[in-house]
Amino acid sequence: MTSETITADAAGTWTFGDLTVRRIGFGAMRLTGSAAFHLGTPSDRERSIAVLRRAIELGVNHIDTAAFYFSSLRSANEIINSALSPYRDDLVIAAKVGPFRDYAGEWATSARPEDLRGHVEENLRQLGRDHLDLVYLRRMGQDSVAEHFGALAELRDKGLVRHLGISDVEPRHLAEAQAIAPVVSVQNRFGLGSRNRVTDEMLRICGAQGIAFVPFYAIAGEAGPEGATDAHDEAVLAVARAHDASPAQVRLAWTLAQGPHVLAIPGTGNPDHLAENIAAGALRLTRDELDTLNSLHRQAG
């Protein structure tokens, strides 16, 4: 694969309500440093800005971010604002609310329903926008999402938010949210090397209902916020060799192959990795390769 010449158009498109996005997007978490949050070395700011601008040049029009994405020196939202404002009309920015980190970077008490307007407005302030295209309620272990999601639905009615999604949820939470307002996207942890039967069911339900499914850590594996995994099964390596692709590209291609409603938001602060991730949208796995990788996923814990 010649990554440098492939754009996000190769992955096709999906819609969040009335907003059309390419299925390969960009996750902003890694803009802030060598690993997410306070786990790594802060990034070079100019390099991060250059990566974002290059992502747009390569056709990305969906960026996933959060006000709690920051390191000791860098804020993902501030970098997005500096790199891309004034924003293109077709650029969709999605933000997550619910979790909270204090100024020292430590995780603190997650938002109560009455706190969510402040979370949304902080994202707006940092991004320099008057509305957010898509806001996810990230469930923080609560049994019911009704009060929190209801608070976001009120902000949607006020025009601060265009569309709503939910994250880290089970089917019952989706049904609970849908009784309050439309849900255009679900964001759960999902990847080739990890299996959660509840999330597999969420994937199926979203496909049946025409809801976007946007997995996080699709190529990070067990490494999670610390970065992409380098623990690749031989089956993944064999597919990669067959396509002259990287194992990360195979993982992304497998993710996208799970359905037309499945999107990918790989993040990086490395321009070479950016081009590689976007090019994965052009990788078409054979039926036999998909069967092999699906079997690998079913065997995962």
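Predicted model: local features only at pLDDT ≥ 70, side-chain atom pairs only at ≥ 80, totals over all residues.

Colleague: With which residues is I80 in contact, leaving aside its neighbours within four places in sequence?

Modeller: The partners of I80 are A28, L31, L52, I63, T65, S85, Y87, I93 and L127.

Colleague: How should I read the overall form of the protein?

Modeller: One begins with the elements and then turns to the dimensions. The protein has 10 helices and 9 strands. Its radius of gyration is 18 Å, close to the 19 Å that the globule rule gives for 301 residues, so the protein is as compact as a globular protein of that length. Along the principal axes, the C-alpha atoms fill a box of roughly 50 × 45 × 35 Å.

Colleague: What share of the residues is buried, and what share of the contacts joins residues 24 or more positions apart?

Modeller: Buried residues account for 58% of the 301 residues. Of the contacts with a separation of 6 or more, 74% are between residues 24 or more positions apart.

Colleague: What can be said of the surface and the charges?

Modeller: The accessible surface comes to about 12700 Å², and carbon and sulfur atoms hold 48% of that area. There are 30 positive and 38 negative charges, whose mean positions are 1 Å apart.

Colleague: Let us turn to single residues. Is T199 buried or exposed?

Modeller: The test is the relative accessible area, and a residue under 20% counts as buried. T199 has a value of 7%, so T199 is buried. This residue lies in helix α6, residues 197-209. Beyond its neighbours within four places in sequence, T199 is in contact with N188, R189, F190 and F213.

Colleague: Where does E289 lie, and which residues does E289 touch beyond those up to four places away in sequence?

Modeller: E289 is in helix α10, residues 287-299, and touches V239, A242 and H243. E289 and V239 are 50 residues apart along the chain, yet their C-alpha atoms are separated by 6.9 Å. At 14% relative accessibility, E289 also counts as buried.

Colleague: What is the value of phi for D168 and for Y217?

Modeller: For D168, phi is near 60°, a positive value in a residue other than glycine. Y217 likewise is not a glycine and has a positive phi of about 60°. D168 lies in the loop between β7 (161-167) and α5 (171-178), while Y217 lies in the loop between β9 (212-213) and α7 (234-243).

Colleague: Are these two residues buried or partly exposed?

Modeller: D168 is partly exposed, with a relative accessible area of 31%, whereas Y217 is buried, at 18%.

Note on methods
Residues numbered from 1 in each chain as written. Heavy atoms only, no water. Helix = DSSP H or I, 4+ residues; strand = E, 2+ residues; numbered from the N terminus. Rg over C-alpha atoms; globule rule 2.2 N^0.38 Å. Buried < 20%, exposed > 50% of the residue type's maximum accessible area, 1.4 Å probe, protein only. Contact = heavy atoms within 4.5 Å. Areas by Shrake-Rupley, 256 points an atom, 1.4 Å probe, with all protein chains shown as cover. Lys, Arg positive; Asp, Glu negative; His and termini not counted. Charge placed at Lys NZ, Arg CZ, Asp CG, Glu CD.
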